[in-house]
Amino acid sequence: MSNTPMAASPLTRAVLEIDEYAAGLGWDQPARLFALVDTARLRAQEPGLAAQLGLDGEQETAAFTPIEQDEVPADKPLDEFLGTIAWPDAVVGCALTVERLMLPPSAEASVPEGLGEAQLADWVAKHPGRQEVRMTVAVLRDGARESALRLREKDSPNEVLTGSDLVPGLAEALAATFAE
């Protein structure tokens, strides 16, 4: 992706590339799952696929190539869906981009007790302090993690936050897809 800024690590660059791709699709999108493959290995072992992905003529190629997977089912809880995934050895990592509503930490004290999941989601959706956020989280087989957060109200590549522990629960769920 041409607008992806240079980042310190190859995994951060992959996360920012996926974030840029998702940003190009706009908001109110379904969750998207990506396999991360080693670009050099892909070029060597699958030159036809590398050419199809536009990786054959590049001099400097990113270390990881994200490959979008089939649609994430909207009718199944995300954690249940992720529990059904097993990756082939050629996949060195995976990433997921998902949109959610976030509340400021100050709202935690005002959450009504005894709400069911649907009631809590409705309460959050109506809260005046809510913010829409797109989270892109990636993990590698070796345990490395990276995340990018983009707020809808600050929808700019310069406003994307990155860090390895921004969405630890989702990173754990993705890492579990590599457990044997």
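Which residues does S147 touch, not counting residues up to four places away in sequence? S147 touches V15, T136, V137, L161, T162, G163, S164, L166 and V167, where contact means heavy atoms within 4.5 Å. The model is predicted, so local features need pLDDT of at least 70 and side-chain atom pairs count only at pLDDT 80 or more, while totals for chains, interfaces and linings use all residues. Residues are numbered from 1 along each chain as its sequence is written, and side-chain values use heavy atoms, with hydrogens and water left out.

S147 is found in strand 5. Helices (H or I, at least four residues) and strands (E, at least two) are DSSP runs, numbered from the N terminus. With a relative accessible area of 1%, S147 is buried; the term buried stands for under 20% relative accessible area, exposed for over 50%, and partly exposed for values in between (1.4 Å probe, protein chains only).

Strands of a sheet pair through backbone hydrogen bonds, either parallel or antiparallel. Two strands are taken to pair if DSSP finds at least two bridges between them.

Seven bridges join strand 4 (residues 131-140) and strand 5 (residues 145-151) in the antiparallel sense. In this pairing, T136 stands opposite A148 of strand 5.

Strand 1 is mostly covered, with six of its seven residues buried. Strand 1 pairs with strand 3 in the antiparallel sense over six bridges, and T97 in strand 3 is the bridge partner of R32. Strand 1 also pairs with strand 2, again in the antiparallel sense, over five bridges; here V37 has T65 of strand 2 as its bridge partner.

Side chains of opposite charge can pair when their charged atoms come close. The structure holds eight salt bridges, a salt bridge being a side-chain nitrogen of Lys or Arg within 4 Å of a carboxyl oxygen of Asp or Glu. One of them joins the side chains of R134 and E99 (3.8 Å, N to O). This pair links distant parts of the chain, as R134 lies in strand 4 and E99 in strand 3, 35 residues apart. Both R134 and E99 are buried.

Another salt bridge is formed by the side chains of R145 and E172 (2.6 Å, N to O). It links strand 5, which holds R145, to helix 6, which holds E172, across 27 residues of the chain. R145 is partly exposed, with a relative accessible area of 22%, and E172 also counts as partly exposed, at 47% relative accessibility.

The side chains of R150 and D155 meet in a further salt bridge (2.8 Å, N to O). R150 is buried, with a relative accessible area of 3%, whereas D155 counts as partly exposed at 37% relative accessibility. Salt bridges that share partners join D19, R150 and D155 into one network.

E146, placed in strand 5, is buried yet has no salt bridge. The nearest side chain of opposite charge is R13, 10 Å away from E146; in this count Lys and Arg are positive and Asp and Glu negative, with His and the chain ends not counted. A polar atom of the E146 side chain lies 2.8 Å from the backbone nitrogen of G163. Leaving aside neighbours within four places in sequence, E146 is in contact with residues including L11, T12, V15, T136 and G163.

D28 is found in the loop between helix 1 (10-25) and strand 1. Most residues other than glycine have a negative phi. Phi of D28, however, is near 65 degrees, a positive value in a residue other than glycine. D28 is exposed, with a relative accessible area of 57%.

Methods:
A polar contact is a pair of N or O atoms within 3.5 Å; within protein, one must be able to donate a hydrogen and the other to accept it, and residues adjacent in sequence count only if both atoms are side-chain atoms.
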